Amino acid sequence: MTERTHLTLKADLAGTGYVADDSIAMALHLAMTLGRPLLLEGPAGVGKTEIAKALADASAIRLIRLQCYEGLDASHAIYEWNYQRQLLAIRASEATGGTDEAHLFTDAYLLKRPLLEAISQPEPCVLLIDEIDRADEEFEAYLLEILSDFQITIPELGTIAAVSRPTVVLTSNATRDLSDALRRRCLYAYVDYPDADTELAILNARMPGIEARLARQIVTVVQEIRREDLEKVPGTAEMLDWAAALSGLGVNDLAQDAEMLQATLVCLLKTAADRDAVPTSVMDRIVGKVA
Amino acid sequence: MGVTPFPARADGIADRMAGFIAHLRMNGIALGPQETGDALAALSQVNATDPAEARLALRALLVPDADAWRGFDDLFDAYWFNAGKQKQGRTTSPHVRVQSTRPMLWQPHPGDDDAGDGEEGFGDDERHVHADDGEGDAEGTDGRLIATRTDALTRRDLRELMDEDTLRRAEAIATRIARAIRDRRSRRRKQALRDGMLDMRRIQRASLARGGEPIDLYRKARPPRPMRIVALCDVSGSMSVYARVFLAFLKGLIGADMSADAYLFHTRLMRVTDALRDHDSLRAAARLSLMAEGFGGGTDISGSLTAFLNGYGARALNGRTVVVILSDGYCTQSPEALAHALTRMRRKARRIVWLNPLKGWKDYAPVAAAIQAALPHLDAHLPANTLAALAALEDEFGQL
């Protein structure tokens with residue numbers, strides 16, 4: 001096996017259709033070699049979640065995802081006892097006259113939730129903890145123990161140590177500040193909107209059949225629109241949606257059909273105020289530049 | 001770019017790395033000896049002789065947040081590539097702050113002495129007229145002239161406001177107000193570990209899994225839903241007589257609640273939460289007065305609010321935020337722009353409260369175009385010209 005560097009990792013990611021820039025490839029490389037979690041921050045729709053998926057694809061390992069939300073608790077994130085099954089087992093043993101209850105708190109009755117599942121995999125996997133900023137601060141604190149020691153304590157069973165160390169990727173949209181303790185334990189990468197060249201590479205990787213001229217137009221227009229004063233700046237995901245919509249409608253040249261262009265803008269501009277901020281005149285100006 | 005040789009006293013890479021960590025720490029990134037070891041471990045995983053790779057690796061490892069992410073390149077260059085480093089010690093490139101230098105805004109403004117001194121008669125008036133005229137192209141100019149003339153009427157009680165004791169009282173009042181705003185409980189009961197009442201519904205549901213035995217006793221209580229405070233304080237020329245008191249007031253608001261946020265604005269916007277949290281309250285007051293005076297001049301309320309909404313606002317505002325704007329409402333920009341900014345803010349924040357020092361005056365009517373445009377978007381427009389008026393705000397805020 002050749003030695004892995006961030007450049008080989010970058011090439012592997014490109015193989016799965018993910019165009020990573022150097023700093024992200026390096027952050028992933030370090031996360032894997034140092035065994036530290038990686039915290040990705042950045043605006044919505046720049047491909048933070050995709051990074052974890054691409055990493056799992058590139059390394060051909062399993063991806064376990066934990067979507068965070070307000071009120072997420074241990075029973076949804078870590079483990080839960082299967083009460084129904086325990087109860088059935090009790091009834092069954094009553095019928096046969098048995099009284100043994102010691103077996104009720106064993107692996108067989110444990111429902112593994114993403115975090116426990118991730119550390120009990122025989123092979124290392126990628127654990128994606130998505131939108132950690134949406135979870136409560138208490139959960140964040142609980143996560144610290146798992147991320148630093150890779151072990152989980154279950155009162156009835158004892159402490160379960162990790163069978164394999166997962167590569168942990170956390171994403172955040174910065175809707176609230178994360179604690180310093182969490183930041184200290186993580187490697188960090190800020191994922192920003194891609195520049196024109198990178199975005200073109202992403203578009204070509206995701207939609208290989210697209211015409212070179214249309215692709216360049218799409219990327220230039222999106223880059224221009226990001227400069228307008230918008231509430232929700234369109235991300236890479238929106239750009240790809242738009243490109244798919246345009247090619248689905250058979251548009252070959254953005255300048256050819258202004259009406260169609262306005263209609264497809266629903267893919268890029270997601271609030272009423274943003275629609276108003278980019279009227280036909282502005283769009284004409286932007287498209288005029290690229291045509 | 002030439003790589004600087006190690007200084008003679010340095011003990012190899014470990015020592016240099018410790019120096020780099022210290023350099024980052026001095027520039028506001030909290031790092032310790034643990035990170036020095038981590039950094040060396042990280043470098044062993046990459047081709048450390050390639051500066052570009054080393055830079056990427058150290059950045060991923062050492063940077064804690066987005067701000068530091070943007071500033072890291074400068075800090076990296078300053079430490080590892082600074083020619084003449086051996087002689088200058090740790091002085092670095094102009095972007096980079098060393099402990100001894102302060103940002104320009106913190107330096108006292110040359111021609112602008114303490115607004116709180118309350119000089120006699122005409123001189124003071126003239127200065128305010130001057131400061132306002134500096135901005136020039138104002139709309140609502142007559143409004144600002146009214147403000148300037150009436151300065152004389154209120155000066156006496158304002159001068160009283162400037163002593164230490166009153167500043168402390170203003171701060172205490174603000175702390176009480178902040179508590180009144182913050183301490184809210186949800187109307188709905190949610191699952192709780194302690195306190196509250198038994199959640200019979202949930203207990204019954206859970207007991208089904210245990211054959212009807214209520215083994216787990218669940219409880220529910222009304223969880224706290226604290227309101228966050230975001231305060232935006234106008235420190236323009238027309239407000240400068242109030243600046244000291246309002247800064248003390250801001251400090252009180254911020255000090256009561258770790259999640260609160262404060263900004264000063266004038267023609268630009270500036271986040272002062274960290275300066276306000278300075279433990280030494282005298283030093284904080286001094287830092288802030290310097291910042292506030294550094295501003296001086298006209299007001300661009302709508303521009304500042306828009307800057308806030310586009311920048312910090314995304315994180316600072318949510319459905320549980322009370323926005324407090326301290327301003328006299330004299331704005332050099334168009335009233336429509338202000339109305340637009342407030343509409344946007346309205347959508348993101350729970351409540352918007354405007355504290356107006358002019359409102360407490362006898363015969364005050366909101367004639368300035370900006371305040372008229374703003375009024376429909378406000379939840380409350382309250383007076384704030386005397387300590388008594390500030391103290392009376394507590395009840396008002398309790399009802400919001």
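Predicted model: local features only at pLDDT ≥ 70, side-chain atom pairs only at ≥ 80, totals over all residues.
Local features are reported at pLDDT of at least 70 and side-chain atom pairs only at pLDDT 80 or more, whereas totals for chains, interfaces and linings use all residues. Residues are numbered from 1 along each chain as its sequence is written, and chains are lettered from A, with ligands numbered from 1, in the order in which they are written.

Helices and strands are DSSP runs numbered from the N terminus (H or I, at least four residues, for helices; E, at least two, for strands). In chain A, helix α1 spans residues 6–15, and its buried residues are A:His6, A:Leu9, A:Lys10, A:Asp12 and A:Leu13. Viewed down the axis of α1(A), these buried residues fall within an arc of 160°, so they line one face of the helix; the arc is that of the directions from the helix axis to the C-beta atoms. A residue is termed buried if 20 or more other C-beta atoms, placed from the backbone, lie within 10 Å of its own, exposed if 12 or fewer do, and partly exposed in between. The cover over the buried residues of α1(A) includes α2 (22–34) and α3 (48–59) of chain A. Just after α1(A), A:Gly17 adopts a positive phi of about 90°.

Helix α10 of chain A (residues 212–227) comprises 16 residues and reaches 23 Å from its first C-alpha to its last, close to the 22 Å expected at 1.5 Å a residue; the expected span is 1.5 Å times one less than the number of residues. Its buried residues, among them A:Gln217, A:Val221 and A:Ile225, pack against α9 (196–206), α11 (236–248) and α14 (280–290) of chain A.

In chain B, six strands form an open sheet of mixed pairing in the order β6-β5-β4-β7-β8-β9, where two strands pair if DSSP finds at least two bridges between them. The edge strands, each pairing on one side only, are β6 (269–271) and β9 (380–383) of chain B. Strands β4 (residues 228–234) and β5 (residues 261–265) of chain B pair in the parallel sense over five bridges, and B:Ala231 has B:Ala262 in β5(B) as its bridge partner.

The contact between the chains takes 22 residues from chain A and 20 residues from chain B, two residues being in contact if their C-beta atoms, placed from the backbone, lie within 7 Å. On the side of chain A that touches chain B, α2(A) gives the most, with seven residues.
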